[in-house]
Amino acid sequence: MRLWSVHPYYLDAKGLVALWREGLLAQKVLQGHTKGYKNHPQLTRFKNTKNPVAAIAAYLGFVVDEAEIRGYHSDRNKITARQCAKKFTVTSGQLEYEFGHLLGKLKDRDPRRYARLKEVSEISAHPIFNETAGNIEDWEIINPTK
């Protein structure tokens with residue numbers, strides 16, 4: 001499961017679809033509707049909010065927005081009705097780590113997108129997050145090949 005901190009517009013089609021599916025799974029986990037993934041580190045920042053279900057719903061809303069911009073269909077009705085207006089923080093180190101991770105995936109999977117994105121100097125966060133200075137988040141599992 002990867003709930004990207006970077007803006008969804010960086011993702012290729014495969015990544016955006018995967019994010020939608022994994023976000024819906026995260027929503028079910030946070031609602032208590034699954035037995036697995038309860039302790040997945042990607043859920044930590046949502047669990048640390050006052051209303052984790054509303055936070056993931058807001059997160060998913062922006063994923064659907066990006067999908068619709070691209071002409072994809074995602075069923076908004078799968079997102080819980082409760083939305084969260086509050087933004088959460090993400091560290092600059094986390095954004096840099098994830099962007100590098102994404103570039104690694106895109107190098108083989110979508111070379112044209114990779115070529116465009118490797119020139120990005122300022123990484124935009126997913127709209128639910130405000131960037132703050134800092135290292136990689138404590139909950140992140142570091143890929144040893146990086």
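This is a predicted model: local features need pLDDT of at least 70, side-chain atom pairs count only at pLDDT 80 or more; totals for chains, interfaces and linings use all residues.

Visitor: OK. Which residues of the largest nonpolar core touch the most other members?
Guide: Leu3, Phe46, Ile56, Tyr59 and Phe129 do, out of 38 residues in that core. The elements giving two or more residues to the core are H1, helix H3 (52–69), strand S1 (88–91), helix H4 (92–109) and helix H5 (111–117).

Visitor: And which element gives the largest share?
Guide: That's H3, with ten residues. In soluble globular proteins, nonpolar side chains tend to be buried together.

Visitor: What does isoleucine 56 touch?
Guide: Not counting residues up to four places away in sequence, isoleucine 56 touches Leu3, Gly23, Ala26, Gln27, Leu30 and Phe46.

Visitor: Let's do the helix pair. At what angle do H1 and H3 pack?
Guide: At about 165 degrees, and their axes are 10 Å apart.

Visitor: Which residues make the contact?
Guide: On H1, they include Leu16, Trp20, Gly23, Gln27 and Leu30. On H3, Val53, Ile56, Ala57, Leu60 and Val64 are among them.

Visitor: Is glutamine 27 buried or exposed?
Guide: Buried, because its relative accessible area is 4% and anything under 20% counts as buried.

Visitor: What does the side chain of glutamine 27 reach, then?
Guide: Two backbone atoms to look for here. The side chain of glutamine 27 reaches the backbone oxygen of lysine 78 at 2.8 Å and the backbone nitrogen of threonine 80 at 3.0 Å. Leaving aside neighbours within four places in sequence, glutamine 27 is in contact with Ile56, Ala57, Leu60, Lys78, Ile79 and Thr80.

Visitor: Ile79 is on that list. Where does isoleucine 79 lie?
Guide: In the loop between H3 and S1. Isoleucine 79 is buried, with a relative accessible area of 11%.

Visitor: Who does isoleucine 79 contact?
Guide: Setting aside neighbours within four places in sequence, isoleucine 79 is in contact with Trp20, Gln27, Ala57, Leu60, Gly61 and Val64. The C-alpha atoms of isoleucine 79 and alanine 58 are separated by 8.6 Å, and these two residues are 21 residues apart along the chain.

Visitor: What about arginine 76, where's that?
Guide: Arginine 76 sits in the loop between H3 and S1. Arginine 76 is partly exposed, with a relative accessible area of 35%.

Visitor: Which side chain does arginine 76 make a polar contact with?
Guide: The side chain of glutamate 68, at 3.1 Å. Not counting residues up to four places away in sequence, arginine 76 touches Gly61, Val64, Asp65 and Glu68. The C-alpha atoms of arginine 76 and valine 64 are separated by 6.9 Å, with the two residues twelve residues apart along the chain.

Visitor: New topic: where is threonine 49?
Guide: Threonine 49 is in the loop between H2 and H3. Threonine 49 is buried, with a relative accessible area of 13%.

Visitor: What lies 2.7 Å from a polar atom of its side chain?
Guide: The backbone oxygen of phenylalanine 46 does. Leaving aside neighbours within four places in sequence, threonine 49 is in contact with Ala55 and Phe88.

Visitor: And tyrosine 37, what's its phi?
Guide: Tyrosine 37 has a positive phi of about 65 degrees although it is not a glycine. Tyrosine 37 lies in the loop between H1 and helix H2 (44–47), and tyrosine 37 is partly exposed at 46% relative accessible area.

Visitor: Last one. Is aspartate 12 buried or exposed?
Guide: Aspartate 12 is buried, with a relative accessible area of 4%, and its place is in the segment before H1.

Visitor: What does aspartate 12 touch?
Guide: Not counting residues up to four places away in sequence, aspartate 12 touches Arg70, Leu106, Arg109, Asp110 and Arg113.

Key. Residues are numbered from 1 along each chain as its sequence is written. Side-chain values use heavy atoms; hydrogens and water are left out. Buried means under 20% relative accessible area, exposed over 50%, partly exposed in between (1.4 Å probe, protein chains only). A polar contact is a pair of N or O atoms within 3.5 Å; within protein, one must be able to donate a hydrogen and the other to accept it, and residues adjacent in sequence count only if both atoms are side-chain atoms. Contact means heavy atoms within 4.5 Å. Helices (H or I, at least four residues) and strands (E, at least two) are DSSP runs, numbered from the N terminus. A nonpolar core is a set of buried Ala, Val, Leu, Ile, Met, Phe, Trp, Tyr and Cys residues joined through side-chain atoms within 4.5 Å. Axes are lines fitted to C-alpha atoms, for helices over the stretch in contact, and angles run from 0 to 180 degrees between N-to-C directions.
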